[in-house]
Amino acid sequence: MTMWTSLDPAAVAVDPGGRATARLRVRNTGDTVEEYRLSVVGAPAGWARVEPDTLRLYPGSEGVAEISFAPPRSPDALAGPASYGIRVEPREHPGARDVLEGQVTVAPFSEVRAELLPSVLVGRFGARASVAVDNIGNTALTASLTLRDEANRLTCEMAPNSVQVAPGRAAFVKLNIRPQRIRWTGGTEHHRVTVAVRRSGDDTTVDLNGTYEQRAVVPRWMLVVGSAAVAASVAFVMLWLGFQPKVTTATGEMQSGSGAQAVPQGAEAPLPPAPSSAPPAVPPGAPAPAGDGSGGGAGGGDASQVGGGPPVPPPAPKTAPKAAADAPVGPVWDMGYKPDAIVTYAQYRLATLGNECALKAGWTAAVIDQATQTSLACYQRHVMADQKSSRQLTLTDKKYGTLGRATLTSMWAQGIRPEDVTSGANNFKVRMLAASLWWANQSSISDVDLDRDRGYANQGIAYFKDPGKGEPMKADGGLTSAVKEYQRNVGLKVTGVADSKTLNWLVGGAVKEPGKVGR
């Protein structure tokens, strides 16, 4: 051996977001000058550092380095003891390297974030929603949920009433809301509902406010139209009964004598006026002409990206036909699959691109029809041609014209700029980034995961129909953790910041475990 080492103390405790230190002593017991390289190994290596990381010692001399532990206040640093090692490698005698073992204990902390998807429910006989409960603490979470309405005029069912969530994961609770009294006629009645999420061992709650819009079975406009139709029918009958045309026969003319006047033979009735030569008007809701494809997205200059301004509302689509009972369910979505709100979101995204890949009017909602397949393939080729990501969309989504998690990751990330999603930002672009990361980080998709995906899809559809209805979201620690997870998954530098490079990789369709479709 050419060295003597000591670690003091061998075990330390630290709070998330805090700092703790230990000291490493190294003595050169050889007879030559030696340089010792120091490094941290083990689970805490991501949030531990040693300073200095190199000690140059003369024979018989001793040096000291400080190991600092600074676990983040996030699920990245799990609560409890974690073993680590300090590797000491002599440069001149590498075979004499040593590893000193220690232990750092991270204190637990709990933090929960919840979201009602969607926050506005619409229906005549009831509506369904989901509550997403995210555990952004570093220890397992048990949470109970209760639902109430202010006027006590709703029947609410919730399953399950409590959930257990691992650190950094999410659980979903399904809600079923029905009115106690059905509105047959009249306008829309608004019911305010509140979901209270309470963490086990804590009396404080996270309150989620939502609205159930109960519409009448026979809407007001139908009554107006029906009344107008009845009035028109009555008027027509009255006019018909009151109009008694005088019928004259040839016999009558002969009996009337010379007072009768014959109609000249060959007389022509007057012609109607010629139609106007003005061009026909553009029907309301018709799509605007395709742009030049110069809209700026995260990557800039990409012909497939949409600009930073609000989208132009697309025309109403056709209603999807009823699918066969044995039709497959995505992802990946292709022709012949069951209708899905996630496909509808992608169609609205394509319809508002403003370039040559935009989905033209006449598409059928919720299914991949010929027009949607053509627009998808055009979009995918542009993304793959212009983005610098090493991944390929077709590696995960299988072929051009199908819709999978790589294409959805790209579509949600379109138009996001780094300054839109900085820490503390509160806007719809933050929600778009959260949806893009959710698609990119999940390589195994369950039915519960699809519920959350459809919740994001419905919010995206509402936004593209009317940007003013885009529900904002705040960039907090949970979003930072998702960005870090994505950066680790695709091999980027882990910073937790959605910079231009990270956004470009999202737009390029880089996802966790490319090649896995998710189901």
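**Figure 1. K398, an exposed residue with a positive phi.** K398 is exposed because its relative accessible area is 51%. Exposed means over 50% relative accessible area, buried under 20%, and partly exposed in between (1.4 Å probe, protein chains only). Phi of K398 is near 75°, a positive value in a residue other than glycine. K398 sits in the loop between α5 (393–397) and α6 (405–413). Helices (H or I, at least four residues) and strands (E, at least two) are DSSP runs, numbered from the N terminus. This is a predicted model: local features need pLDDT of at least 70, side-chain atom pairs count only at pLDDT 80 or more, and totals for chains, interfaces and linings use all residues. Residues are numbered from 1 along each chain as its sequence is written, and side-chain values use heavy atoms, with hydrogens and water left out.

Figure 2. E513 is partly exposed, with a relative accessible area of 33%.

**Figure 3. The cis peptide bond between L117 and P118**. Omega is about -10° at this bond. P118 falls in the loop between β10 (112–117) and β11 (120–123).

**Figure 4. The cis peptide bond between G330 and P331**. Here omega is about -5°. P331 belongs to the loop between α2 (250–255) and α3 (341–351).

**Figure 5. A patch of positive charge on the surface**. R124, R215, K465 and K469 gather here. Patches are made of residues with over 30% relative accessible area and no salt bridge; like charges are joined within 9 Å, and nonpolar side chains (Val, Leu, Ile, Met, Phe, Trp, Tyr) within 5 Å. A salt bridge is a side-chain nitrogen of Lys or Arg within 4 Å of a carboxyl oxygen of Asp or Glu. K469 lies in the loop between α8 (447–465) and β20 (473–474). K469 counts as exposed because its relative accessibility is 60%.

**Figure 6. The setting of these views.** The protein has 10 helices and 20 strands. Of its 519 residues, 44% are buried. Among contacts between residues at least 6 apart in sequence, 67% join residues at least 24 apart. Contact means heavy atoms within 4.5 Å. Accessible areas come from the Shrake-Rupley method with a 1.4 Å probe.

Conventions. Lys, Arg positive; Asp, Glu negative; His and termini not counted. Charge placed at Lys NZ, Arg CZ, Asp CG, Glu CD.
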